[in-house]
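Please open the structure in your viewer and keep the selection tool at hand.

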Amino acid sequence: MLILIFGFLGGLALFLYGMELMGDGLRQSAGARLQKILESLTSVPALGVLTGLAITSILQSSSATTVMSVSLVNAGLMTLKQAFSVVMGANIGTTVTAQLIAFNVADYMTGFLFVGLLLHYFSRRQAGKFAGMVLLGFGLLMLGMKMMGQSVAPLRDNPLFVHFIGRFADIPLLGVAVGIVMTLVIQSSSATIGILMAMASQGLIPLEGAVPVLLGDNIGTCITAVLAATRASRTARQVALSHVCFNLFGCVVFLVFLPWFLDFVRWLSPAHDISRQIANAHSAFNVLNTCLFLPLITPYVKFIQHLLPDKAGRSVTRPLFLDDAMLGNTPIALMLAEKETDRMARQAEKNLAAALDSLRHYSPRRVEYVLRNEETVDHLNNAIALYLTRISEKGMTPSLSAKHTALLHACTDIERIGDHAQTLAKRSRKIFEEQVEMSPEAREEILRLSVLALEACHVCLRSFTMNDAALAQQGWTLCRRVKSLQKEWRKNHIRRLRDGVCSPEVGAVFLELLINLKRVSDHSKNVAQLILGIF
């Protein structure tokens with residue numbers, strides 16, 4: 001008995017490792033395009049379904065796609081409606097693995113392993129190596145399936161096990177519960193379906209008993225999104241809830257119409273191929289469930305928002321994008337780091353604008369805003385730097401490595417812009433409290449330079465967000481103008497000090513403001529130079 005248990009666990013390990021290896025090969029070959037796929041998402045729900053299907057087929061994990069959607073919604077770059085359409089597509093995409101397994105190619109698995117090994121180790125091109133990984137993964141997956149099937153075969157002679165499995169057909173809710181537990185334990189819906197198909201191939205479970213288990217499997221796979229959303233925003237938790245309710249409602253509907261659904265699957269599949277019947281049942285459930293919800297997506301989203309209403313007015317200081325679950329996928333992880341950097345840049349720019357407003361017309365509220373949110377900028381900088389360090393532990397292509405380096409440099413400069421915004425806010429408070437009176441000429445110069453520095457910062461940061469070289473060039477020119485004016489007005493102020501127009505105390509404040517505005521411009525220019533290719 002112990003040998004059978006170890007044989008089953010070894011087969012399951014090979015299955016999971018093979019699926020991961022196959023997914024890695026697909027990710028490495030197509031992962032760099034995943035960002036473009038995500039960015040092409042529009043408000044059209046059908047396109048969202050196709051996007052979720054495509055990404056899940058590449059990632060070989062509906063959980064990864066759903067977690068990505070949670071992260072994007074959490075950062076405010078996707079709506080709940082868009083994210084839910086992606087989730088529906090992800091549910092369909094996860095059935096691709098079961099369809100591949102259903103092809104009876106176990107007799108050729110050694111060929112897949114051999115060819116995959118040759119390609120992976122001897123191919124000179126990256127595409128060949130990635131193709132080798134896919135074939136190796138598929139071969140190991142099939143080998144694991146065969147081992148699991150052989151390990152459970154003796155259970156056909158165990159009356160207790162046969163009786164328990166037979167209860168699934170009589171009590172479908174029991175099968176649903178078993179499916180939920182299996183997926184929660186294994187953390188892979190594809191592996192649960194693989195086990196079902198291995199048992200069915202040995203005659204241990206009929207279609208009537210397998211379908212309730214796969215319905216429970218779809219509910220169990222929601223746990224990853226639920227965990228990812230526990231510390232996220234309310235909208236992100238709404239995405240997780242929409243995933244749970246989608247599969248839960250679908251399970252209830254299909255249990256009610258189970259006899260008709262079984263007849264449909266048998267009509268759709270070969271009569272004596274139980275593996276294909278299970279794969280088709282898995283696909284049919286997710287496709288039909290999506291077709292059921294797609295026309296009702298707007299009222300369904302409103303229903304979810306009613307169940308979990310959003311609470312406005314809460315500022316989020318923690319990282320919204322950075323997701324440890326995506327560290328295994330370098331292109332996606334870098335995309336998330338890039339979006340978090342953009343969020344940090346927007347906060348730093350808001351701080352600068354508030355500080356300069358307070359410099360023109362002193363406001364304790366604006367100063368307090370800058371001081372409070374500077375901690376957010378610092379915290380995001382530390383979190384992004386740590387995340388990028390963890391990304392660097394993975395292999396990167398030259399283009400991804402360049403993006404990684406640019407993000408590290410950008411974070412440093414954006415954090416310094418935030419520091420100077422804080423200093424400017426404090427100086428505005430000092431000017432007000434100590435009643436520092438500048439000459440009209442000095443005040444006019446400071447106000448003009450602050451407007452120009454803010455514009456330069458805005459254009460440079462926007463050029464980085466949009467990866468726009470023309471904007472970067474425009475920002476670089478503005479920064480040069482700030483530097484030129486700073487030098488000119490520094491000379492003007494020295495002349496005013498010499499002529500006695502300004503006191504030395506006022507002169508020190510004025511020169512410090514000039515220096516801080518120039519340094520804001522310098523760090524903004526550094527960000528623009530990253531887009532222009534000047535490190």
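Is Cys-479 buried or exposed? Select Cys-479: this residue is buried, with a relative accessible area of 2%, where buried means under 20% relative accessible area, exposed means over 50%, and partly exposed lies in between (1.4 Å probe, protein chains only).

The model is a predicted one, in which local features need pLDDT of at least 70 and side-chain atom pairs count only at pLDDT 80 or more, whereas totals for chains, interfaces and linings use all residues. Residues are numbered from 1 along each chain as its sequence is written, and side-chain values use heavy atoms, with hydrogens and water left out.

**The cysteines**

The structure holds zero disulfides, a disulfide being a pair of cysteine sulfur atoms within 2.5 Å. Cys-479 therefore takes part in no disulfide: the nearest cysteine sulfur, belonging to Cys-460, is 3.8 Å away. Cys-251 may be selected next; it is buried, at a relative accessible area of 4%.

**The whole chain**

Now display the entire chain as a cartoon. It has 23 helices and zero strands; helices (H or I, at least four residues) and strands (E, at least two) are DSSP runs, numbered from the N terminus. Of the 535 residues in the chain, 53% are buried. Among contacts between residues at least 6 apart in sequence, 80% join residues at least 24 apart, contact meaning heavy atoms within 4.5 Å.

**Helices α12 and α15**

Select residues 207-220 (helix α12) and residues 258-268 (helix α15). The two helices pack at an angle of about 110°, with their axes 11 Å apart. Axes are lines fitted to C-alpha atoms, for helices over the stretch in contact, and angles run from 0 to 180 degrees between N-to-C directions. The angle makes α12 roughly perpendicular to α15, a term for angles of 65 to 115 degrees (under 35 is roughly parallel, over 145 roughly antiparallel, and the rest oblique). Show side chains for Leu-207, Glu-208, Val-211 and Pro-212 of α12, and for Leu-258, Phe-261, Leu-262, Val-265 and Arg-266 of α15, which make the contact. By class, this contact has seven nonpolar, no polar and two charged residues; Ala, Val, Leu, Ile, Met, Phe, Trp, Tyr, Cys and Pro count as nonpolar, Asp, Glu, Lys and Arg as charged, and the others, Gly among them, as polar.

**Two loop residues**

Step to Gln-202, in the loop between α11 (189-201) and α12. Gln-202 counts as buried, at 19% relative accessibility.

Then select Asn-467, in the loop between α21 (440-466) and α22 (469-499). Asn-467 is not a glycine, yet has a positive phi of about 55°. At 58% relative accessibility, Asn-467 counts as exposed.

Select Leu-359 in helix α18 (residues 330-360); Leu-359 is buried, at 9% relative accessible area. Neighbours within four places in sequence aside, Leu-359 is in contact with Ser-428, Ile-431, Arg-443, Ile-446 and Leu-513.

Finish at Asn-381 in helix α19 (residues 364-391), which is buried, at 14% relative accessible area. With neighbours within four places again left aside, Asn-381 is in contact with Met-344, Cys-411, Thr-412 and Glu-415.
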